[in-house]
Amino acid sequence: MLQVYLVRHSETVWNAERRIQGQSDSPLTEKGEQQAHQVGERVKQLGITHVIASDLGRTRRTAEIIADACGCAVTLEPRLRELNMGVLEKRPLDGLSEEEERWRSTLVDGTENGRIPQGESMTEMAARMHEALNACLSLPAGSRPLLVSHGMALGVLISTILGLPAHAERRLRLRNCSISRVDHQHSAWLAEGWIVETAGDVSHLDAPALDELQR
């Protein structure tokens, strides 16, 4: 059985400001740096052998702190990037027009093929996220990888493993620096392949981040 740990990046300045990030970027807050260290303390006894991260700055920095605690190097994987949110990237969430909010809402309300202009659909993101996860099956026997990615990206990955369509209503909350785990296994009582062991664990954090998923 292959166990893969999934970590959402730490709190960023734009998370705290309720600004849309997508594939744009902002630095970690002081709280975000602390969160990444708390993840490192939590996982350093788990035998993590590989830390694989989205190549965006906020995931790279989160991964560097975790990898240092685990004694691993960081491998960058662009397929783990957040959803491309097109023309709404860098915009304050509370400052969208009615039309822009309708575009944004199609990503979370179950709209099939919903997307923001010049952006990416949830189905397109799910395909690349599964490619990145399946690449872990090629790691050496006995590996225990940890992937550092993003809220929308990890949410669609876990939801589609559970059998939901990529465009399904978004009902899985993954807070900053939450830890999830998926296993690739063979069981008489579970479907073959990837299964969800845990999702969204934040018991290792002192306090939740004030990101857009908590308001």
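This is a predicted model: local features need pLDDT of at least 70, side-chain atom pairs count only at pLDDT 80 or more; totals for chains, interfaces and linings use all residues.
Analyst: A residue is called buried when its relative accessible area is under 20%.

User: Is Cys136 buried or exposed, and why?

Analyst: Cys136 has a relative accessibility of 2%, so it counts as buried. Cys177 also counts as buried, because its relative accessibility is 0%.

User: How many disulfides does the structure hold?

Analyst: A disulfide is a covalent bond that links the sulfur atoms of two cysteines. The structure holds zero disulfides. Cys136 takes part in none, and its nearest cysteine sulfur, belonging to Cys72, lies 13 Å away. Cys177 is likewise in no disulfide, the nearest cysteine sulfur being that of Cys70 at 12 Å. For comparison, a disulfide requires the two sulfur atoms to be within 2.5 Å.

User: Let us turn to the helices. What span should helix α3 have, and what distance separates its end C-alpha atoms?

Analyst: The expected span is 1.5 Å times one less than the number of residues. Helix α3 covers residues 57-70, which makes 14 residues, so it should span 20 Å; its end C-alpha atoms are 20 Å apart, in agreement. Helix α5, residues 122-135, also has 14 residues and reaches 20 Å from its first C-alpha to its last, close to the 20 Å expected. After α3 comes Gly71, whose phi is positive, near 70°.

User: Which residues of α3 are buried?

Analyst: In general, an α-helix has 3.6 residues a turn, so residues three or four places apart point the same way. In α3 the buried residues are Arg58, Thr59, Thr62, Ala63, Ile65, Ile66, Ala67 and Cys70. These buried residues pack against β1, α2, β2, β3 and β4.

User: Which residues of α5 are buried, and what do they pack against?

Analyst: Met122, Met125, Ala126, Arg128, Met129, Ala132 and Leu133 are the buried residues of α5. Their packing partners are β1, β4, α6, β5 and β6. Helix α6 (residues 151-161) lies across β1, β4, β5 and β6, running at about 145° to β1.

User: In what order do the strands of the sheet stand?

Analyst: Strands of a sheet pair through backbone hydrogen bonds, either parallel or antiparallel. Here six strands form an open sheet in the order β3-β2-β4-β1-β5-β6, and the pairing is mixed. β3 and β6 are the edge strands, each pairing on one side only. From one strand to the next, the twist averages 25°.

User: Which strand runs antiparallel to β1, and which runs parallel to β1?

Analyst: β1 and β5 run antiparallel and are joined by six bridges; within β5, Asp183 stands opposite Gln3. β1 and β4 run parallel, with four bridges between them, and Leu6 stands opposite Leu147 in β4. On the other pairing of β4, β2 joins it in the parallel sense over four bridges, where His50 stands opposite Pro145.

User: Why is β4 described as largely enclosed?

Analyst: Five of the five residues of β4 are buried, so this strand is largely enclosed by the rest of the structure. Pro145, Leu147 and Ser149 point one way from β4, whereas Leu146 and Val148 point the other way, and all are buried. The buried residues of α3 pack against β4, and so do the buried residues of α5.

Definitions and conventions. Residues are numbered from 1 along each chain as its sequence is written. Side-chain values use heavy atoms; hydrogens and water are left out. Helices (H or I, at least four residues) and strands (E, at least two) are DSSP runs, numbered from the N terminus. Buried means under 20% relative accessible area, exposed over 50%, partly exposed in between (1.4 Å probe, protein chains only). Contact means heavy atoms within 4.5 Å. Two strands pair if DSSP finds at least two bridges between them. Axes are lines fitted to C-alpha atoms, for helices over the stretch in contact, and angles run from 0 to 180 degrees between N-to-C directions.
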